[in-house]
Amino acid sequence: MRSPNKINDKSFVASFTMEGVNSAIPNQRIYLKGLNFLTDKVLTGIRHVGEFMPQIPDFGTGTTYNNDLTSDQFFAINLLQKRTKTLTVNNLPILSFYYQRQWGRKNQYTPFNDVYDFDNSWLEKLGAVALTDQVIFLEFRYRDKPKQSNGSYTKNQLRY
Amino acid sequence: MKPVKKHYLVEINIPNPTAGQRIYLGDIPELRHVTTEQMESYNSGILSFSPAQNPVVNQTGGSNVVVTLVESSTEDIYQLPYNSLTKSLNGGDVTEYQNKKFNLPKSYITLLGTASLNAGDSVVLSFYYY
């Protein structure tokens, strides 16, 4: 088995549904709901896994959400660095992750090494398009922050 | 690819494409006095619209565009083809720079032709920096 698939870190696949994506709203934001547990972790990579999961099941909502790569090309991700509370990743197109996985020689993940505030990070829709009932799948790779024996972090440990 | 430290998506709008036209990147406060580590470009198949809601050039349009990046006052990166910065067209390669502090108000794109470039299209460049 090729080594790039070996995962030492933890992994979480998140789905982002386009329930209220409206053509009339430019720069519409979809906050990364359900990922706030990552705020205490070190994000080490993001991978696009859309075409492996063409749709998510109907969980009794009456709606089936489908994945379609052509809808993903309207989205970019914005990540707020936790330490400085600044937007350090500004509008990174999410299909950049797809092509990193498809073609990246060293790893399939776009590598990161920082702690982000996922409560205040978001996907941004670029273009006046409505994409109702579409879903985006991204895999987040992360690890726990190292702690001192007393449970706190040193200054250096926080400086990822 | 190196780990992403900071990223900024730069848009250069082409209001009225003309062969030989030069369009400057302009001042971007976030990218003043920073070191650029990696760069990436996109076409409409990867990102359909820019942050300012302008259509992104398609691959044919991108082949008419070259990028010149100025460090201090010298054109250190001269006429780099826009599509050569697109990951999907280059076997996954992301262009990397070492210790480059670009002067963006003096940096520019040049249009070599106008095929598939429509008025109001934008080219977008990813700057991975620290």
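Two residues are taken to be in contact if their C-beta atoms, placed from the backbone, lie within 7 Å. The structure is a predicted model, in which local features need pLDDT of at least 70 and side-chain atom pairs count only at pLDDT 80 or more, while totals for chains, interfaces and linings use all residues. Residues are numbered from 1 along each chain as its sequence is written, and chains are lettered from A and ligands numbered from 1 in the order in which they are written.

Leaving aside neighbours within four places in sequence, A76(A) is in contact with N91(A), L92(A), P93(A), I94(A), E124(A) and L126(A), and also with L9(B) and L47(B) of the other chain. A76(A) is among the residues with the most contacts inside the largest nonpolar core, which has 63 residues. A nonpolar core is a set of buried Ala, Val, Leu, Ile, Met, Phe, Trp, Tyr and Cys residues joined through C-beta atoms within 7 Å. A residue is buried if 20 or more other C-beta atoms lie within 10 Å of its own, exposed if 12 or fewer, and partly exposed in between, with C-beta atoms placed from the backbone.

Chain A contains three helices and 10 strands, arranged along the sequence in the pattern β-β-β-β-β-α-β-β-α-β-β-β-α. Helices (H or I, at least four residues) and strands (E, at least two) are DSSP runs, numbered from the N terminus. Of the 160 residues in chain A, 38% are buried. Of the contacts in chain A between residues at least 6 apart in sequence, 77% join residues at least 24 apart.

An open sheet of four strands in chain A has the order 1-10-3-8, with antiparallel pairing. Strand 1 and strand 8 (110–114) of chain A each have a single partner strand and stand at the edges, so one side of each is left without a neighbour in the sheet. Neighbouring strands of this sheet are turned by 25° against each other on average, direction ignored. Two strands pair if DSSP finds at least two bridges between them. Strand 3 (residues 41–48) of chain A is joined to strand 8 of chain A by three bridges, and the two run antiparallel; L43(A) has D114(A) in strand 8 of chain A as its bridge partner. Helix 2 (residues 95–103) of chain A lies across strand 3, strand 8 and strand 10 (135–144) of chain A, at about 80° to strand 3 of chain A. Axes are lines fitted to C-alpha atoms, for helices over the stretch in contact, and angles run from 0 to 180 degrees between N-to-C directions.

Most residues other than glycine have a negative phi. N27(A), although not a glycine, has a positive phi of about 50°. N27(A) is found in the loop between strand 1 (10–17) and strand 2 (29–31) of chain A and is partly exposed, with 15 other C-beta atoms within 10 Å. N91(A), likewise not a glycine, has a positive phi of about 50°. N91(A) is placed in strand 7 (residues 87–93) of chain A and counts as buried, with 22 C-beta neighbours inside 10 Å.

In chain B, four strands form an open sheet in the order 2-7-4-5, and the pairing is antiparallel. The edges are strand 2 (22–24) and strand 5 (74–81) of chain B, each with a single partner strand, so one side of each is left without a neighbour in the sheet. Strand 4 (residues 65–71) of chain B pairs with strand 5 of chain B in the antiparallel sense over four bridges, and V67(B) stands opposite L80(B) in strand 5 of chain B.

Strand 8 (residues 121–129) of chain B is largely enclosed by the rest of the structure, because nine of its nine residues are buried. Both faces of strand 8 of chain B are covered, with D121(B), V123(B), L125(B), F127(B) and Y129(B) on one side and S122(B), V124(B), S126(B) and Y128(B) on the other. Strand 1 of chain B runs antiparallel to strand 8 of chain B and is joined to it by nine bridges, with V10(B) partnered by L125(B). Strand 3 (residues 36–41) of chain B pairs with strand 8 of chain B in the antiparallel sense over five bridges, and E40(B) stands opposite S126(B).

Between the chains, 22 residues of chain B are in contact with 26 residues of chain A. Strand 1 (residues 6–14) of chain B gives the most to the side of chain B that touches chain A, with four residues.
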